[in-house]
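Please read the following points with the structure open beside the text.

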Amino acid sequence: MAVREKCAKETIEKLNYKVLSVNRVCCLAVPIVAFLLSGCTETPNPVGAGLLPKTDLLDLDTTTTSASSSATISSVPSASTSRILVGTRENIESWGIIRFIPLPDSLKGVRVSGADLVLRSVYHYGDSLAGFSVALHQITADWSLDSLNYFAISTGGFYNPVPMRSLNLGSIGDTATITLALDTAVVRSWLDSVGDSVTTNHGFILRPTNSSVIKGFASFSAVDATYRPKLQVRYTREGSTRVDTVTINTGIERFVARYTTGVGGSDISLLYVRNGISTRGIVQFDVSSLSPKAAIHSAILELTLHKDLSRFNSYTVDSSYAFYVTDNGNVTSALYTLSEKALVNGFTVYRYEIGRFVRQWLHGALHHKVAIGGFDEPNSLDLFVLYGAGSPAALRPRLKIIYSIVK
């Protein structure tokens, strides 16, 4: 009996010890949980904020200024293009230039019985149903992609004024393939000069003779190789009567567009940003009121579109770039930003974040200018007409700057 009482007493003491241990843990856990819960609250604590000195808080300010001047300038379009634009529409004329290279030296001395240029239509500007006609001229002078402009190709001696072919092709769809016959004597001279010190293969010009549409044809850079320009030559070798055909789809190309009448110039009320030719808008601002010590947090340039004068179509990429203009007046592609679009009081407004530009201006740049160019400048003929510095105050180019003074 004594043994049983002893065992029971020991069991009760052990249970009491465990209960006491649990209670101790709970007592410790309660303040810890309370601490964690108080630290996770999302309710702001004004006591902590009040402990920060005012010198540790940013004193932001905003200034908005309108453009002090604006202008439209001519630029040299990129030589890299995905389309060969040929045709005439309103006050725009565009010529195509194509040169097939390399030509195989295995065809020297063959008899050429036929030669065709094959093009794949991929674009139009103007009346898509209008008739298309073109004259093909042999180029007689050497050229490079970067040196071509309308003045260069229209100067006497660049091409033979007598066309190889003049063709009226009627209405051409945007997915049509067209075939243009070339002068076999000219193509034979190209093949015979392969490897010689003097070459005759300078390519040819497609000079538009229509008036209401500009067609775009796929270039040699087309992703789908079947779309690329092709030179198909039918020939027979000496001593043979079998007609063989060779197809060449490599080379270089360019289009050269121009205004047939003047546009823009000294008009400060409007900016004419034309793809393909190209013209760009220039806007200038006076930020001399800002301290050179100002920290620029944001600078938004806003330009308003004149919808009625602009010219878009189903191929238009409705975006543009803002480029930094250096002290020597050059537009640099090393510093640029892409537009965003908004609708403000019924007007389309393009916005550009140009904080980096303004920082350069405050650090000693001589000119505070921005150049505007179309996103699809190398491949299309879209026209963005924007309100300039001479427009009504509500429509002028404006620059909103958010800044603080570094102390």
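1. In which sense do β16 and β23 pair, and over how many bridges? The two strands pair in the antiparallel sense, over eight bridges. Leu301 stands opposite Leu399 in β23. Strands here are DSSP runs of E with at least two residues, helices are runs of H or I with at least four residues, and both are numbered from the N terminus. Two strands pair if DSSP finds at least two bridges between them.

2. On the basis of the text: this is a predicted model, in which local features need pLDDT of at least 70 and side-chain atom pairs count only at pLDDT 80 or more, while totals for chains, interfaces and linings use all residues. Residues are numbered from 1 along each chain as its sequence is written, and side-chain values use heavy atoms, with hydrogens and water left out.

3. The open sheet consists of five strands in the order β1-β23-β16-β20-β19, with antiparallel pairing. β1 (60-66) and β19 (340-344) stand at the edges with a single partner strand each, so one side of each has no neighbour in the sheet. On average, neighbouring strands are turned by 25° against each other, direction ignored. Seven bridges join β1 to the antiparallel strand β23 (residues 398-405), and Asp61 stands opposite Tyr403 in β23.

4. Helix α5 (residues 355-362) lies across β16 (294-304), β20 (347-353) and β23, and runs at about 120° to β16. Such axes are lines fitted to C-alpha atoms, for helices over the stretch in contact, and the angles run from 0 to 180 degrees between N-to-C directions. Contact means heavy atoms within 4.5 Å.

5. Ser94 belongs to strand β4 (residues 92-100). Ser94 counts as buried because its relative accessibility is 0%; buried means under 20% relative accessible area, exposed over 50%, and partly exposed in between (1.4 Å probe, protein chains only). Its side chain reaches the backbone oxygen of Leu85 at 2.7 Å. Beyond neighbours within four places in sequence, the contacts of Ser94 include Pro208, Ile214 and Phe255.

6. The largest nonpolar core has 33 residues, and Ile98, Phe100, Leu117, Leu182, Phe204 and Leu206 have the most contacts inside it. Another core, of 32 residues, lies apart from it, with Val283, Tyr352, Ala389 and Ile401 among them. A nonpolar core is a set of buried Ala, Val, Leu, Ile, Met, Phe, Trp, Tyr and Cys residues joined through side-chain atoms within 4.5 Å.

7. A search of the whole structure finds 15 aromatic pairs. Phe323 and Tyr336 form a tilted pair, 6.2 Å centre to centre with 45° between the planes. Phe323 is in strand β17 (residues 320-325) and Tyr336 in strand β18 (residues 331-338), 13 residues apart. Phe323 is buried, with a relative accessible area of 10%, whereas Tyr336 counts as partly exposed at 40% relative accessibility. Rings of Phe, Tyr and Trp (its six-membered ring) pair if their centres lie within 6.5 Å; planes under 30 degrees apart count as stacked, over 60 as edge-to-face and the rest as tilted. Phe100, Trp190, Phe204 and Phe220 form one aromatic cluster.

8. Val122 lies in strand β5 (residues 111-126). Val122 and Gly216 are 94 residues apart in sequence and 5.6 Å apart in space, C-alpha to C-alpha.

Conventions
Polar contact = N/O pair within 3.5 Å; in protein donor to acceptor, adjacent residues only side chain to side chain.
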